[in-house]
Amino acid sequence: MKSNLLIIIVLSCFSWFALAEEPVSTGRFNSTAITGHNVVAYHNLTQGDKAVKGDKVYSMEWKGANWYFGSSEERERFKANPERYAPAYNGFCANALSIGEGLVRTSGKHWAVFEDQLYVFYAARGAKRWLNGDYKEYKIVADREWAGILEK
């Protein structure tokens, strides 16, 4: 019985990767993207502002994950153009990809917008690295890593 439970837990940890066409950074035991942060709201924030949580009432499914928004209007904006608002790398840590660490989940708390594209990070130091360094060079490496993950 314990071994069956262990198998279920292990499989559920990897189910996000197997079920989605592209992996999305979700919780370990749920399908909520970047812990429910409102991806449309980031585009109205100033760098350094605290990320805004969405509301389950205004959620929608996209790429096998549940995305939360602050209003039905924000949900409709996302629905009309998800690539405009979704974070790069479907919410996985941009910094981890840029240093070859692969897919690292994020909470949505650490973020930056470069050239109107949202990037999220596992930790503040990753966001600071991108904000204070050459994000264009980091992005080249992260893009290459992401492409390799999608090919698998």
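The model is predicted: local features need pLDDT of at least 70, side-chain atom pairs count only at pLDDT 80 or more, and totals for chains, interfaces and linings use all residues. Residues are numbered from 1 along each chain as its sequence is written, and side-chain values use heavy atoms, leaving out hydrogens and water.

**Overall make-up**
- The protein chain has six helices and four strands. Helices (H or I, at least four residues) and strands (E, at least two) are DSSP runs, numbered from the N terminus.
- From the N terminus on, the order is α-β-β-α-α-α-β-β-α-α.
- Of the 152 residues, 43% are buried. Buried means under 20% relative accessible area, exposed over 50%, and partly exposed in between (1.4 Å probe, protein chains only).

**Helix α2**
- Helix α2 spans residues 72-80, and its buried residues are Glu74, Arg75 and Phe78.
- These residues sit on the same side of α2 because they cover an arc of only 100° around the axis. The arc is that of the directions from the helix axis to the C-beta atoms.
- An α-helix has 3.6 residues a turn, so residues three or four places apart point the same way.
- Glu73, Lys79 and Ala80 are exposed on the other side of α2.
- The cover over the buried residues of α2 includes β1 (55-62), β2 (65-69) and α3 (82-85).

- Strands β3 (residues 110-114) and β4 run antiparallel, joined by five bridges. Two strands pair if DSSP finds at least two bridges between them.
- Trp111 has Val120 in β4 as its bridge partner.
- Two residues lie between β3 and β4 in this hairpin, and Glu115 in the turn has a positive phi of about 50°.
- Strand β4 (residues 117-121) is mostly covered, with four of its five residues buried.

How values were computed. Contact means heavy atoms within 4.5 Å.
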